[in-house]
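Dear colleague,

Please find the structure below, together with its sequence. My notes on it follow, and I would be grateful if you could read them alongside the coordinates.

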Amino acid sequence: MKKIEAIIKPFKLEEVREALSEIGINGLTVTEVKGFGRQKGHTELYRGAEYTIDFLPKVKLELVISDDLLDSAIEAITKSAHTGKIGDGKIFVSSVEQALRIRTGETGEEAV
């Protein structure tokens, strides 16, 4: 099993969710986060005063999937989250040793 953590632009969330659903991935966790990478924030004008926003709003998706869905999930996220502009996001993949569904006691891929 693999865990995918994807940091994307908030307005791309629904598009990414739909793309994952189309390949059979229905469960994911979404967290609103703030951060910056190469874009290092930006400046805005508010009531005539300029100020810097260091941390930009992002959305973090977390999903645990079987190994055979990994490539198609990465492709779905990449295509649907892509705008071609700086700050499109990142995808991190890690291995999951164990999964357990609390309600039923199922373990492994049956729990995912």
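**Salt bridges**

The count of salt bridges comes to seven, where a salt bridge is a side-chain nitrogen of Lys or Arg within 4 Å of a carboxyl oxygen of Asp or Glu. Please note that this is a predicted model, in which local features need pLDDT of at least 70 and side-chain atom pairs count only at pLDDT 80 or more, while totals for chains, interfaces and linings use all residues. Residues are numbered from 1 along each chain as its sequence is written, and side-chain values use heavy atoms, with hydrogens and water left out.

One of these salt bridges joins E62 to K3, with the closest N and O atoms 3.1 Å apart. This pair links distant parts of the chain, since E62 belongs to strand β5 and K3 to strand β1, 59 residues apart. Helices (H or I, at least four residues) and strands (E, at least two) are DSSP runs, numbered from the N terminus. The two side chains also make a polar contact at 3.1 Å; a polar contact is a pair of N or O atoms within 3.5 Å, and within protein one must be able to donate a hydrogen and the other to accept it, with residues adjacent in sequence counting only if both atoms are side-chain atoms. K3 is partly exposed, with a relative accessible area of 25%; buried means under 20% relative accessible area, exposed over 50%, and partly exposed in between (1.4 Å probe, protein chains only).

Leaving aside neighbours within four places in sequence, E62 is in contact (heavy atoms within 4.5 Å) with K3, I4, E5, L28, T29 and T31.

E75 is partly exposed at 42% relative accessibility, whereas K79 is exposed at 61%.

R101 and E106 form another salt bridge through their side chains, at 3.0 Å from N to O. Both residues are classed as partly exposed: R101 has a relative accessible area of 26%, and E106 one of 32%.

**The sheet and its helices**

Four strands form an open sheet in the order β2-β5-β1-β6, with antiparallel pairing; two strands pair if DSSP finds at least two bridges between them. Strands β2 (29-35) and β6 (89-95) stand at the edges with a single partner strand each, so one side of each is left without a neighbour in the sheet. On average, neighbouring strands are turned by 20 degrees against each other, direction ignored. Axes here are lines fitted to C-alpha atoms, for helices over the stretch in contact, and angles run from 0 to 180 degrees between N-to-C directions.

Strand β1 (residues 2-8) pairs with β5 (residues 56-65) in the antiparallel sense over seven bridges. Within this pairing, the bridge partner of K3 in β5 is V64, and that of I4 is L63. Strands β1 and β6 are likewise antiparallel, over seven bridges, and there I4 stands opposite V93.

Helix α1 (residues 13-22) packs on the sheet and touches β1, β2 and β5, its direction making about 15 degrees with that of β5. Helix α2 (residues 70-81) also packs on the sheet, touching β1, β5 and β6, and its direction makes about 5 degrees with that of β1.

With kind regards
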